[in-house]
Amino acid sequence: MNLPSLEHFFIIGSPRSGTSMFRLMLNSHPDVIVPPESGFAHWLSDKYSALPLDNTEILKNFAEDTINSRKFETWGLSHKELEFYFNEYQVSTYEQLCQLVYYAYAQEKNKNIRLTGDKNNYYIKHIESLQNKFPSAKFLLLVRDVKDVVCSCLDLHEKKINSIYKPEFSSSIKDIAIEWNEDNLEASKLLSNNICVVRYEDLITNPEEELIKVCTYLDIKYSSNMIKYYMNNDEPEEFLQWKKKTLEAPDSNNMNKYISKLSYDEIILINDVASEALSLFNYN
């Protein structure tokens, strides 16, 4: 049996930019599935993308490697379930093989989908690889004012998080700002002809307008379910230690926090080292 025709997209963005909220918004659309974070599709691409996918042993090994991938246990799919779908459906490309995993997840969630999505913050540093391995994919770039990104990263250093997946960030304001500037400039350059840019601040102040824009780019109808994402939160409980905001509705109070948290000199420093991307994304 052939795999149903599915389109795919990636959500990319710097850490602490609201990408988990964005994932939940899209995952709440009835025609879309965007599972919790697991980068198996990228991690396994070098090993499997050039191999013949009509080989039972190769598919069995891919299923095993997928199941053992970091964070994949949060999807709740078993090795037996994956092998069932691999035996049931035929695929001819690595892109389709990964889509079959997303499709299996959607089927187990009783969703009849048209689009599959994937969100991982580290993807912003591997865009060329994703473009090569997933040539038909679209890209959504979520950008947040770097000054609030800095505040969120620093706040995380103060949290007591008991998880092997606790995110690790630099405690250097300058280093965070430089990385944000470089990553978002590079993403915008590499994806200039295949990208939908959304600013976090616009998303939380005008969510319906921004999500309609996103749906138009993805060629699907807007669904009001997307704004109610917090009522359908499937973030793994362990991740909620640093993603509690995803349990709440969009809140415009989550922007411009840097005004009270950063000193004048710190703001000047950040604006200086990240000036190019701040200008590009209209953070003036």
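What follows is a conversation about the labels and the values behind them.

Guide: This is a predicted model, in which local features need pLDDT of at least 70 and side-chain atom pairs count only at pLDDT 80 or more, while totals for chains, interfaces and linings use all residues. Residues are numbered from 1 along each chain as its sequence is written, and side-chain values use heavy atoms, with hydrogens and water left out.

Visitor: What makes a set of residues a nonpolar core?
Guide: The members must be buried Ala, Val, Leu, Ile, Met, Phe, Trp, Tyr or Cys residues, joined through side-chain atoms within 4.5 Å. Buried here means under 20% relative accessible area, exposed means over 50%, and partly exposed is in between, with a 1.4 Å probe and protein chains only. The largest such core has 64 residues, and Ile12, Phe40, Phe62 and Phe86 touch the most other members. Helix 6 (residues 94–108) gives the most to this core, with 10 residues. Apart from it lies another core, of 25 residues, among them Cys196, Ile204, Tyr217 and Met226. In soluble globular proteins, nonpolar side chains tend to be buried together.

Visitor: Which residues is Ile12 in contact with, beyond its neighbours within four places in sequence?
Guide: Contact means heavy atoms within 4.5 Å. With those neighbours set aside, the partners of Ile12 are Thr19, Tyr123, Ile124, Ile127, Phe139, Leu140, Leu141, Leu142, Ala187 and Leu191.

Visitor: Why is the pairing of Lys125 and Glu179 called a salt bridge?
Guide: The rule asks for a side-chain nitrogen of Lys or Arg within 4 Å of a carboxyl oxygen of Asp or Glu. The closest N and O atoms of Lys125 and Glu179 are 2.9 Å apart, so the pair qualifies. This bridge links distant parts of the chain, 54 residues apart: Lys125 sits in the loop between strand 3 (115–119) and helix 7 (127–133), and Glu179 in helix 9 (residues 173–190). Helices (H or I, at least four residues) and strands (E, at least two) are DSSP runs, numbered from the N terminus.

Visitor: Why are Lys125 and Glu179 called partly exposed?
Guide: Lys125 has 47% relative accessibility, so it is partly exposed. Glu179 has a relative accessible area of 38%, so the label is partly exposed here too.

Visitor: How do you know that Lys245 and Glu248 form a salt bridge?
Guide: Their closest N and O atoms are 3.9 Å apart, so the pair meets the rule. Lys245, at 46%, is partly exposed, and Glu248, at 35%, is partly exposed. Elsewhere, salt bridges that share partners join Arg23, Glu37, Lys71, Lys119, Asp234, Glu235 and Lys243 into one network. Asp202 also bridges to Arg199, with closest N and O atoms 3.1 Å apart, and Asp202 is partly exposed at 23%. The count comes to 15 salt bridges.

Visitor: Where is Asp234, and what does it touch?
Guide: Asp234 is in the loop between helix 11 and helix 12 (258–261). Not counting residues up to four places away in sequence, Asp234 touches Arg23, Leu24, Asn27, Pro36 and Tyr105. Its relative accessibility is 24%, so Asp234 counts as partly exposed.

Visitor: How is the packing of helix 1 and helix 11 described?
Guide: Helix 1 (residues 19–27) and helix 11 (residues 207–218) pack at an angle of about 65°, with their axes 12 Å apart. The axes are lines fitted to C-alpha atoms, for helices over the stretch in contact, and angles run from 0 to 180 degrees between N-to-C directions. Phe22, Met25 and Leu26 in helix 1 meet Leu211, Val214 and Leu218 in helix 11.

Visitor: What makes Arg16 and Asn282 worth a stop?
Guide: Most residues other than glycine have a negative phi, and most peptide bonds are trans. Arg16 has a positive phi, near 65°, and lies in the loop between strand 1 (7–12) and helix 1. Asn282 is not a glycine either, and its phi is positive at about 60°. Asn282 is found in the segment after helix 14 (275–280).
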